[in-house]
Amino acid sequence: IALGIGCICYQAQNLAQSHYLNDFLKDNLINLLVALLAVNSATMGIVLTKIRELTDKHGSPESFTETKEHMLLSIREQIALIGSAIVLLTANSSSYISGNESIKPIIATLVISVFAYSLMNLYDMAKSVLVILDYEI
C-alpha cells in the first residue's frame, strides 16, 4: 500500500510539475521519522499501562502476548524506516545517482513510500490506543 501511495504521489507531483514533496522530504524526513518514533513510543507506554491494569485486574497476561510482539515489531519497523530513509537520501544525493536520471524517480518514489509507511504505522498505533482504552473483560 505504501509503495502504491508513493507511486501515486510521485506521479501527481510530476503532473503538477512540482518538486515540493521531494524537497520537503529530503530536508525533513529523518526528523519526522524520529519524531513519529517518539510519539509511537509514548503511545505504547499508554497502551502497555492499560494492559498492565487489565492483567492485574483480570489476570491472563498471556492474552496480550501477541499485542506486545506487534508493538516490538512496530518499533523495529520504525527503526528500519529511519535506516532506509538514510540510505535512500544518501544515495539520492550521490554523484552516481545525480548522473543517472533513470534511478532518480525510483528513489523519489521509495522515499515517499517510506514516509507513507510511517504514517500507516502511526495510524495503527492510534487505533490500538482506542481499542485498548475501550477494552473491557
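**Cores and helix contacts in a predicted model**

Let's start with the largest nonpolar core. Of its 17 residues, Leu25, Leu29, Leu33, Val111 and Val114 touch the most other members. By nonpolar core I mean buried Ala, Val, Leu, Ile, Met, Phe, Trp, Tyr and Cys residues joined through side-chain atoms within 4.5 Å. Buried is under 20% relative accessible area, exposed is over 50%, and partly exposed lies in between, with a 1.4 Å probe and protein chains only.

Where does this core come from? Helix H2 (20–58), helix H3 (65–92) and helix H5 (104–134) each supply at least two of its residues. H5 gives the largest share, 6 residues. Helices here are DSSP runs of H or I, at least four residues, numbered from the N terminus.

A word on the model. It is predicted, so local features need pLDDT of at least 70, side-chain atom pairs count only at pLDDT 80 or more, and totals for chains, interfaces and linings use all residues. Residues are numbered from 1 along each chain as its sequence is written, and side-chain values use heavy atoms, with hydrogens and water left out.

Take leucine 33. Leaving out residues up to four places away in sequence, Leu33 touches Leu81, Ile82, Ala85, Val114 and Ser118. Contact means heavy atoms within 4.5 Å.

Lys68 sits in helix H3. Is Lys68 buried or partly exposed? Partly exposed, because its relative accessibility is 37%. Beyond its neighbours within four places in sequence, Lys68 contacts Leu48 and Ile51. Lys68 and Ile51 are 17 residues apart in sequence, and 9.5 Å apart from C-alpha to C-alpha.

Next, serine 113, in helix H5. Ser113 counts as buried because its relative accessibility is 7%. Not counting residues up to four places away in sequence, Ser113 touches Ala2, Leu3 and Gly6.

Last, a helix pair. The axes of H1 (residues 2–15) and H2 come within 9 Å and cross at roughly 125°. So H1 is oblique to H2. Axes are lines fitted to C-alpha atoms, for helices over the stretch in contact, with angles from 0 to 180 degrees between N-to-C directions. Under 35 degrees is roughly parallel, over 145 roughly antiparallel, 65 to 115 roughly perpendicular, and the rest oblique.

Which residues make the contact? Cys9, Tyr10 and Gln13 from H1, with Tyr20, Leu21 and Asn22 from H2. By class, that is 4 nonpolar, 2 polar and no charged residues.

Definitions and conventions
Nonpolar A, V, L, I, M, F, W, Y, C, P; charged D, E, K, R; others polar.
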